[in-house]
Amino acid sequence: MAISVENGVFHLETANTLYQMKVDPFGVLIHLWYGPKTDYTMDYLLDYPDVGFSGNIHEAGGRRSYSLDTLPVEYPAGGGSEGDFRVPAVSAAYTDGSGVLSLRFREYSIQKGKYAIPGLPAVYAGEEEAETLEITLLDAASKTEVHLLYGVLFQKDIITRSVFVKNCGDAPVVLQRAHSLCLNLPYGDWEWMHFYGRHAMERQAERTALVHGIQESSSSRGGSSHQQNPSVLLCEKGCTETSGFCIGAALVYSGGFQTQIELDQLDQARLVMGINPHTFCWTLGPGESFHAPEAILCCSNQGMGELSRCFHRVIRENLCRGRYQLSKRPILINNWEATYFDFDEKKIERIARQASQLGIDMMVLDDGWFGKRDSDTSGLGDWVVNENKLRGGLDRLIEKINGMGMKFGIWLEPECVSEDSDLYRAHPEWVIRVPNRNPVRSRSQLVLDLSNQEVIQYLYHAVGKILRDHHIEYVKWDMNRSICDWYSAALPAERQREMPHRYVLGLYSLLERLTGEFPHILFEGCCGGGGRFDAGMLYYFPQIWCSDNTDAHDRTLIQYGTSFFYPISAVGSHVSAVPNHQTGRVTSLKTRAAVAMAGSFGYELDLNKLTEEEKEEVSQQVQAYKGYQGLIHSGRYYRLSNPRKDPMAAWAFVSENQREALVQGVLFQAAANTLPRRIRLQGIDPEGSYRVKQDGRVYTGRALLCGGLILPRQEGDDTSFTFYLEQISSCEK
Ligand code: GLA
């Protein structure tokens, strides 16, 4: 049994970890432990100091040492509730203007299998794989119930969390915050890692010590954003890739989010994570419930690498869905950086023909094929082929491309609209816009109100028609701006602050319908590159375009940050032209391919402009990726360096059975008169022997783990290396 209850103590066990809580004599649910298994009830760690200015709940009578302000309350309430002055998990307000929630234990239940969340993406697991614990807390005065959900995936070392709040009273309750997760860490010297960035430079890993007070990483942009990511690590000081304790949390949500960590007056840390309360409020009528999104939790006593591999596994095997979840992805050629808006059917055919000759599987037609779309100032929303550009229409082009032995994929941006479009002229009331105010434009476009069911219906029909009428096998679903100035013409005044979450619910319902109806289509998410790279999106799209920055050097940093939580198969990555269009940097074709191979691989340039030697190289890269893709996507991923500090980026994929490994990387800056660099491997069998394909040399696993591989001497900046290692049997040695 993964979940057991003894003397009011809840034990949630996975293969290597333990999560514990208990109901105390006042009915308060107290967090006891999240960490390695201890075979012990950890309540001896609780302390009850009498701290000045920390109040005492009424039931505690004269016990001045019992304060919710110092205890690790499992799901703390805010808004001035009961004297816990730290970051709260939930806040509410009632019709009389008060906002106290006195949450006390009411009941629990344990079920086989994993709970689901209505309308929201969530980890799924079979009855043998998971158990669910539901704990009900009640605020007796308002009759508000808080249901805490815990999903325990035993083998995967994963605990999922979600919450729903139910109004069992007879007056409305206004929820101001309903976080998915709260985790108290009374002891430890913690550092936190979050992933900041900007358009074309997403998910830069930053690790710093906690300071007293609140540290926050959040988005109020309507999407999870380029600027911060809904994932966080807490590492004990000294924790490395291969040793030490760390905890990770990822929110399965694609809208505005908030991660807060408070280090309090007693040096205790508390982490909360959920929908961003700055752009959230939800009115619960009598009998109604609100479901918070899910957070995925994992901890590791063997460093950050192990933690990442657990996240990769659960996201790939229990969150991603559909035909392409675990199967091989087609290698694609995308015309965006090859042509931008300047193309016709002849140009596309030429690119496709060249790609097919080099072994590429699929042609993706990017932005500009529809409506009056010759630049990013018009046409968005008019999902009808522009026959001036593509003479003969889509079907003719698709037939030609299919005739070359290639699949055909297409770009769509259904959530946005240009003012210069037939859709906007017909339905100006469908955009997000405050009455009597002018809307903010971004990339010259406005956003459709996906909280409006009419809009969702329209988009379902418009997108469904394209996918039904043409032989399309891939969709790049883009979204190219942040959302601000929220207002929905379809919502009453008192529900306007529900809109950001309703937008996400609308989007999810649309994606659920479309991905369900077109299971043969590979959907790739995109948001100006990686502006919505989150676990929520991965429930619908098994891969996401990682960044609009295709520069191989920068990509190593972006992919490094992305790898802490998200599986390699989720990372869309392409080889593009040099000088790179975003940075002007020139890197070799070899380096560009080595970096792009750490993902779902493709090309994004006009292959006709390559020399014959380069074409030959591309054809070899395509064959190499086809050979390695199984290992890259299903193998275990190891970060072998920290490219934000080290002079190189290096990573490896090792098969589950440790028989093969692919080691790749980029050496950044060349220098004169140095020893060659070396890289220590991880994850291979210390008892085994391995032959390196590139030079035939044989090493023991232990030598490679301790002494490492010597890397080729650098000639120029940003040179790459690739080693494929195969274990050999003892008689071959
Ligand atoms: C976004 C995407 C790009 C490309 C353009 C097209 O920026 O991230 O890959 O599709 O839109 O307008």
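# Exercises on a predicted model

Pro 330 is found in the loop between α1 (303–318) and β22 (332–334); helices (H or I, at least four residues) and strands (E, at least two) are DSSP runs, numbered from the N terminus. This is a predicted model, in which local features need pLDDT of at least 70 and side-chain atom pairs count only at pLDDT 80 or more, while totals for chains, interfaces and linings use all residues. Residues are numbered from 1 along each chain as its sequence is written, and side-chain values use heavy atoms, with hydrogens and water left out.

## Exercise 1: a proline in a loop

Work out whether Pro 330 counts as buried or exposed, and list the residues that it touches.

Step 1. Start with the cut-offs: buried means under 20% relative accessible area, exposed over 50%, and partly exposed in between (1.4 Å probe, protein chains only).
Step 2. Pro 330 has 9% relative accessibility, so it counts as buried.
Step 3. Contact means heavy atoms within 4.5 Å. Not counting residues up to four places away in sequence, Pro 330 touches Tyr 324, Asp 361, Met 362, Leu 522 and Phe 601.
Step 4. Now try a distance: the C-alpha atoms of Pro 330 and Met 406 are separated by 9.5 Å, and these residues are 76 residues apart along the chain.

## Exercise 2: a threonine in a strand

Find the strand that holds Thr 17, then describe the surroundings of this residue.

Step 1. Strand β3 (residues 17–23) contains Thr 17.
Step 2. The relative accessible area of Thr 17 is 2%, so this residue is buried.
Step 3. Leaving aside neighbours within four places in sequence, Thr 17 has contacts that include Leu 12, Tyr 34, Asp 157 and Cys 299.
Step 4. The side chains of Thr 17 and Thr 14 are joined by a polar contact of 2.5 Å. A polar contact is a pair of N or O atoms within 3.5 Å; within protein, one must be able to donate a hydrogen and the other to accept it, and residues adjacent in sequence count only if both atoms are side-chain atoms.

## Exercise 3: a glutamate and a glycine

Step 1. With 6% relative accessibility, Glu 349 counts as buried.
Step 2. Beyond residues up to four places away in sequence, Glu 349 touches Arg 396, Leu 397, Lys 400 and Met 404.
Step 3. Setting aside neighbours within four places in sequence, Gly 708 is in contact with Ile 679, Arg 680 and Ala 703.

## Exercise 4: the ligand

Which residues come nearest to the ligand, and how much of its area does the protein bury?

Step 1. A residue is near a molecule if one of its heavy atoms lies within 4 Å of it. Of the 13 residues around the ligand, Asp 366, Asp 367, Lys 476, Gly 529 and Asp 548 come nearest.
Step 2. A polar side-chain atom of Asp 366 is 2.6 Å from an oxygen atom of the ligand. For Asn 480, a polar side-chain atom lies 3.2 Å from a ligand oxygen atom.
Step 3. The ligand taken alone exposes 300 Å², and the protein buries 96% of that; the areas come from the Shrake-Rupley method with a 1.4 Å probe, and for residues only the protein chains shown count as cover.
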